[in-house]
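These entries record what I looked up on paired charges and on pockets. The structure comes before the notes.

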Amino acid sequence: MRRFAGSCRFVFNQALALQKSRYAQGEKKLGYAGLCKLLTEWRNSAETAWLADAPVHPLQQTLKDLERAYANFFAKRADFPRFKKKGQSDSFRYPDPKQIKLDQPNNRLFLPKLGWLRYRNSRDVLGTLKNVTVSRSGGNWFVAIQTEREAEQSIPNGGVVGIDMGVARFATLSDGAFYAPLNSFKRHEAALRKAQQAMSRKTMFSNNWKKAKANVQKIHSRIGNARRDFLHKTSTAISQNHAIVCIEDLPVRNMSRSAAGTTEQPGRNVRAKSGLNKSILDQGWFEFRRQLDYKLAWNGGHLIAVPPQTTSRTCPCSGHVSAENRQTQARFACVACGFEENADVVGARNVLRAGHARLACEVNGAVMPSAAGTHRSDSARARSRRAP
């Protein structure tokens, strides 16, 4: 499996280098068909004859991944494709279901040129098998089985709720409930620091260095798994109990940008901003919003993103907007009417109010001006669609 993943990585990098070379020479980009012809030449060449040991379909899927990466770049949905590195996102995909056999009662899976493989079943596989992706993470191999099946239209439960995202409180709902943050990275930060220090003292690429590197990867894997588990449980609980969720359209990339500045214009409060950036990225706000989006669509509800401006400074009673209303991180006290409440609860209520206004404008067919990127998701508009 490592060899197959390495072959796919080589084909991706070789094709990307070729495309960049053609662009530098003023030639047109090769399409998928042209790259497949080159792949046949590479497999038959004496220099890269080892590519023939890997199944051809996963290699072709790698070229499709490169085509998709180019399409996303030209559509401004992603950055320019980058070369793949060994040990990072090692994976390969089998697209032909006729070549795959699944034996669920015995927890076995047959894959071309690998034979029957036993796997630890995490959930029942429902529907018609479409493709299989084998990937490596944290020294372990995982298999993702994509299927297709018909699902009934779900009826959403609950009402409308607003959510205020934060660091001290991960998510505060407009009804007063809140979810405490997990802080997965912070919990393992000391162990990760020691493991990285131990790795830095080893001779690079020695056996001891490889063992130390595996230990660092294991800790990183544990951090990511704990964060994903927390986000999935939280987003599932919210999506199953509410039909409409209003959330702030937070620019996470800009909020977590470094404040170091340049040599000519150094930044201020760099250490404090660095700690805040680390806390923001540890929460996983963007991934939480992504999970809420598709889970609400599955359950028949939808997500509404509203501009985050002044949500933490507006009094929900009098409507007075002032930075003095929030003199501390946790307490809100309106200087106009004297209303006091937890600042995160106030922010969630204002998000809910903005969501109601946006929903009314969409229902009436009006166009509401907003910040760039603020919209109701496409998956929310097509709630009848179901992901495999």
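**Entry 1: paired charges**

I looked up aspartate 90 and found its side chain in a salt bridge with that of arginine 9, at 3.2 Å from N to O. A salt bridge here is a side-chain nitrogen of Lys or Arg within 4 Å of a carboxyl oxygen of Asp or Glu. The pair links distant parts of the chain, 81 residues apart: aspartate 90 is in the loop between α3 (56–74) and β1 (91–94), and arginine 9 is in helix α1. Helices (H or I, at least four residues) and strands (E, at least two) are DSSP runs, numbered from the N terminus.

I noted that the model is predicted, that local features need pLDDT of at least 70 and side-chain atom pairs 80 or more, and that totals for chains, interfaces and linings use all residues. Residues are numbered from 1 along each chain as its sequence is written, and side-chain values use heavy atoms, with hydrogens and water left out.

Aspartate 90 is buried at a relative accessible area of 9%, and arginine 9 is buried at 16%. The classes are buried under 20% relative accessible area, exposed over 50% and partly exposed in between, with a 1.4 Å probe and protein chains only.

I then looked up arginine 108, whose side chain meets that of aspartate 103 in a salt bridge of 3.3 Å, N to O. Arginine 108 is partly exposed, at 26%, whereas aspartate 103 counts as buried, at 15%.

Arginine 227 forms a salt bridge with aspartate 282, with 2.9 Å between the closest N and O atoms. This pair also joins distant parts of the chain: arginine 227 belongs to helix α5 and aspartate 282 to helix α7 (residues 270–283), 55 residues apart. Aspartate 282 is buried, with a relative accessible area of 7%.

**Entry 2: aspartate 164**

Aspartate 164 lies in strand β7 (residues 160–165). Leaving aside neighbours within four places in sequence, its contacts (heavy atoms within 4.5 Å) include Phe170, Glu248 and Asp344.

**Entry 3: pockets**

I looked up the largest pocket, which holds about 1,500 Å³ of space. A pocket is an open set of points on a 1 Å grid over the protein atoms alone, where a 1.4 Å probe fits, with protein on both sides within 12 Å along at least five of seven lines; lining residues have an atom within 4 Å of a point. Grid points are joined across faces, edges and corners, and a volume is the space filled by probe spheres set on the points.

The largest pocket has 36 lining residues, with Ser122, Arg123, Val143, Ala144 and Ile145 nearest its centre. β6 gives the most to this lining, 7 residues.

The second largest pocket has a volume of about 960 Å³. It is lined by 27 residues, and Gly87, Gln88, Gly138, Lys213 and Gln217 are the closest to its centre. α5 gives the most to the lining of the second largest pocket, with 13 residues.
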